[in-house]
Amino acid sequence: MEKCYLMTAVVLLGLTVRWTVSLNSYSGAGKPPMFGDYEAQRHWQEITINLPIKQWYFNGSDNNLQYWGLDYPPLTAYHSLLCAYVAKFINPDWIALHTSRGYESQAHKLFMRATVLIADLLIYIPAVVLYCSCLKEISTKKKIANALCILLYPGLILIDYGHFQYNSVSLGFALWGVLGVSYDWDLLGSLAFCLAINYKQMELYHSLPFFCFLLGKCFKKGLKGKGLVLLIKLACTVVASFILCWLPFFTEREQTLQVLRRLFPVDRGLFEDKVANIWCTFSVFLKIRDILPHHIQIMISFCFTFLSLLPACIKLTLHPSPKGFKFTLVSCALSFFLFSFQVHEKSILLVSLPVCLVLREIPFMSTWFLLVSTFSMLPLLLKDELLMPSVVTVMAFFIACATSFSIFEKTSEEDLQLKSFSISVRKYFPCFTFLPRIIQHLFLISVITMVLLTLMAVTLDPPQKLPDLFSVLVCFVSCLNFLFFLVYFNIIIMWDSKNGRNQKKIN
Amino acid sequence: MAALGAATGGGSWFSALALGVTLLKCLLIPTYRSTDFEVHRNWLAITHSLPISQWYYEATSEWTLDYPPFFAWFEYALSHVARYFDQEMLNVRNLNYSSSRTLLFQRFSVIFTDTLFVYAVHECCKCIDGKKAGKELTEKPKFILSVLLLWNFGLLIVDHIHFQYNGFLSGLMLLSIARLFQKRHMEGAFLFAVLLHFKHIYLYVAPAYGVYLLRSYCFTANKPDGSIRWNSFSFLRLISLGLIVFLVSALSLGPFLALNQLPQVFSRLFPFKRGLCHAYWAPNFWALYSALDKVLSIIGLELKLLDPSKIPRASMTSGLVQQFQHTVLPSVTPLATLICTLIAILPSIFCLWFKPQGPRGFLRCLILCALSSFMFGWHVHEKAILLAVLPMSLLSVGKAGDASIFLILTTTGHYSLFPLLFTAPELPIKILLMLLFTIYSISSLKTLFRLLSFFLQKRKTSF
């Protein structure tokens, strides 16, 4: 009973922090002619309620795709439509065709922020609460502390309630998917994940681990019996959910193709703006975007991405386990983020969600990663004038994690899940005992660099010759951190089985 | 790393709670602020740019200085820091000036001065005996008291949204209470005297202090049955207490006495022309009285017992601050409210004199004085309920009976503060924070006393 009350208190605190952050500015506030993501969402409400479905993804006199054309899958469109109906009921001026462009008012901001809060409350937050309540082998207090830390993760709060987006919907569905699949509710889990993909196509970053995990489960059950049945059922679920979501767009081939063209703009190039991935960082030294032809860029990005995530996925297919699944989610999403094409800085949230899920297993490294992930979005947050909420939420998150998990006391090899790796290395280099100390030093360097860069970006003006200096530096530092984490998470995944096998041998 | 580990482990839950609520206060910076924001900006301007002789005469703005001199000196000290944020806010003519830097400075000044409140809570926790409770941190009385005080909903929304400086003032009061608990009576008396000269609303609880210090400090011993032992009276203690009060008052009012401005200062401090009820009714007895009067006058009009032409037009609910006459029931004068208040506090004062129960008895009397003055006082603000809620928290972790009274008092008291925040963006904040505080206080106190009764039963059966 008591757990109920404390969990409620934690949820209320999370909601309070979210709403107070939403009192700040949003993306593109008061910046005509294009404004920002907030205007994009408002525009989609306008489009979906005023135009017939056939015209939503097409360029037309009423729908100028250059001005925030729809580039998310149909579920986002349906959600916008739902919000638009409510908006029409309150004040039709908000979504009047053409005349409501750039509409900004206090009441409208309240409405939009409320839609984010309601979506969050209905989808993401229950998933987090359920996930933490179902954790095994930890005390009630730790479950609640876990929920508090996940709900206080600054990145998601700042992007959804500050910058303005609906990531909590897609991430929430993905989390329901993880829950379903981890606790053997495979069909419901895959349905939830299909909904996530149909809300934002970036969720495809998570699709390979889901696929490998479920495939691994089918293999384990035996492809000649139950496994095959499960495989067929899953395939049917996936196909059915896609058909259901895309039904209005399957009527004509051209419709489907146009939607796909909007979702996957292959013409756009390796990256846009500044993002903390390999290609953007590499282009500081070598302008590959200009040197290499377009299709070569895509090939290279494809190869690197798949090479880096292949080992973990193969491992997951052969030895499916919920723990391995979560770690593979992290490493896959991180591989995609670092090596894929047309990655936006907000896509780091797709990596942050699985890292939140492994907060309990490796609190120190997870906290570190989540801090870096928020830092990597600093240029975006500064542009939206969200400095104060960013600093405050990051500090609150850090304090919550530090007190809940005593992260600074959990930096031994065992706690970092590097024991089996270290043992293997020590077979060749007996003196390899300094790994935890190296990691602690790296953490300190990383934090100091992040704090210094933040101070510099806020107080100093960049030199005239290099106007993007601070953004590039932020991306560079974040990218280095992410590479380190990619290696780290892959080590955990690959050496985990060896530990398991050794354990079995001993037993 | 080990040092960091030690810092974040162990007994640092208090720091985590204090830091956490401070961060929440920082998030509340962009919320709605009331006219009190302009009031304090005006006082910064007055104290900074004008000589002392003008402080209580200045009336360019309608928000004239109406707090005692120590608060004026406090604003003066703040104004020197304000200079580095935005010079323009210190201009008396810049009415309603609220640049972003001004906002930042003022909000941060409230957050910063809350440090005194945090220290006072820390001292109060030392006065709580927590050995009987469970081993789990969240079930210890100290932890619960810290949350109930540091994260108090009323204080959060009045100080950090509506905008006032009740944090450090309540800190002074709690600190003086803690000192009395720790038997450091002189310090307690000194702190209360200083507090009175910061905000004279604390006169509400002055009788409790006066009687307690006289009875339990000046009379050094009691007879075995607890009644007064007249020959144990210590003139020295009485004189030293009097000296403290005198010196503090001299420091505060001295300069104005020298300038012959005392009448003006007092007229500012006690504006009896303001009317029986504040603009938004404090939920006290006079609100009920006025409501009854209104109902009776409506009935009277319907039944044609009253002459419509004789009824004044202005209404007490219009939100204006003014004097008003009742129509059916007799009008209430300040003297009448004083008499009612005195009658209300008489029983607790009697108990404090004839049956002193140490600091705990004093605390009860203090709370009752605060509540009585709230119920029957002249021109009471609804924020005054915090004077009763905060000390009550100290009692609530002691006995189960006190805990249930505290829960009723705090929930209704906090709910009565809702009209203070009437804007739409703040609606979710006040609902969420209210729910958070109420759910936490009810569940934690219930658990605490369930555990305590369990342990007491265990002890009984083990004998």
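## Helices and the chain B spans

Helices here are DSSP runs of H or I with at least four residues, and strands are runs of E with at least two, both numbered from the N terminus. The model is predicted. In chain B, residues 429-449 are 100% helix and 0% strand. The end C-alpha atoms of residues 429-449 of chain B are 30 Å apart. Residues 141-158 of chain B are 89% helix and 0% strand, and the end C-alpha atoms of that span lie 26 Å apart.

Both spans carry an annotation from a record. An unreviewed UniProt entry gives the feature "transmembrane region" at residues 12-32, 141-158, 188-214, 234-259, 335-355, 361-378 and 429-449 of chain B.

## Confidence

The model as a whole scores ipTM 0.92 and pTM 0.93. For chain A the average pLDDT is 90, and 98% of the residues score at least 70. An exception is the stretch of residues 499-507 of chain A, where the pLDDT is below 50. Beyond near neighbours in sequence, residues 499-507 of chain A have one contact in the model.

Chain B has an average pLDDT of 87, with 90% of the residues scoring at least 70. Where is confidence in chain B lowest, and where is it highest? The lowest mean, 58, belongs to helix 1 (residues 2-8) of chain B. The highest, 96, belongs to helix 9 (residues 166-181) of chain B.

## The interface of chain A and chain B

The contact involves 31 residues of chain A and 34 residues of chain B. Together the chains bury about 2,900 Å², and 81% of this is on carbon and sulfur atoms. On the chain A side, A:L12, A:L23 and A:F408 account for 18% of the area that chain A buries against chain B, more than any other three residues. How many salt bridges are there between chain A and chain B? The count is zero. One residue pair, with both members at pLDDT 80 or more, is in polar contact across the interface.

Four helices of chain A each give at least two residues to the side that touches chain B: helix 1 (2-22), helix 4 (106-133), helix 18 (387-405) and helix 20 (435-459). Helix 1 of chain A has the largest share, with 13 residues. By type, the residues on this side of chain A are 21 nonpolar, seven polar and three charged.

## Local features of chain A

Over all chains the count is 19 salt bridges. A:E39 and A:R42 form a salt bridge, with the closest N and O atoms 2.9 Å apart. Both residues belong to helix 2 (residues 37-50) of chain A, where A:E39 and A:R42 are three residues apart, about one turn of the helix. Side chains of opposite charge can pair when their charged atoms come close.

Two backbone features can also be noted. The peptide bond from A:P32 to A:P33 is cis, and its omega is near 0 degrees. A:P33 is in the loop between helix 1 and helix 2 of chain A. A:F164, which lies in helix 6 (residues 154-164) of chain A, has a phi near 95 degrees, a positive value in a residue other than glycine.

Terms used:
Residues are numbered from 1 along each chain as its sequence is written. Chains are lettered from A and ligands numbered from 1 in the order in which they are written. Side-chain values use heavy atoms; hydrogens and water are left out. Contact means heavy atoms within 4.5 Å. Buried area is the accessible area (1.4 Å probe) that two parts lose on being put together, summed over both. A salt bridge is a side-chain nitrogen of Lys or Arg within 4 Å of a carboxyl oxygen of Asp or Glu. A polar contact is a pair of N or O atoms within 3.5 Å; within protein, one must be able to donate a hydrogen and the other to accept it, and residues adjacent in sequence count only if both atoms are side-chain atoms. Ala, Val, Leu, Ile, Met, Phe, Trp, Tyr, Cys and Pro count as nonpolar, Asp, Glu, Lys and Arg as charged, and the others, Gly among them, as polar. pLDDT is the predictor's confidence in each residue, from 0 to 100. UniProt positions are given in the numbering used here, feature names are shortened, and annotations may be inferred rather than shown by experiment.
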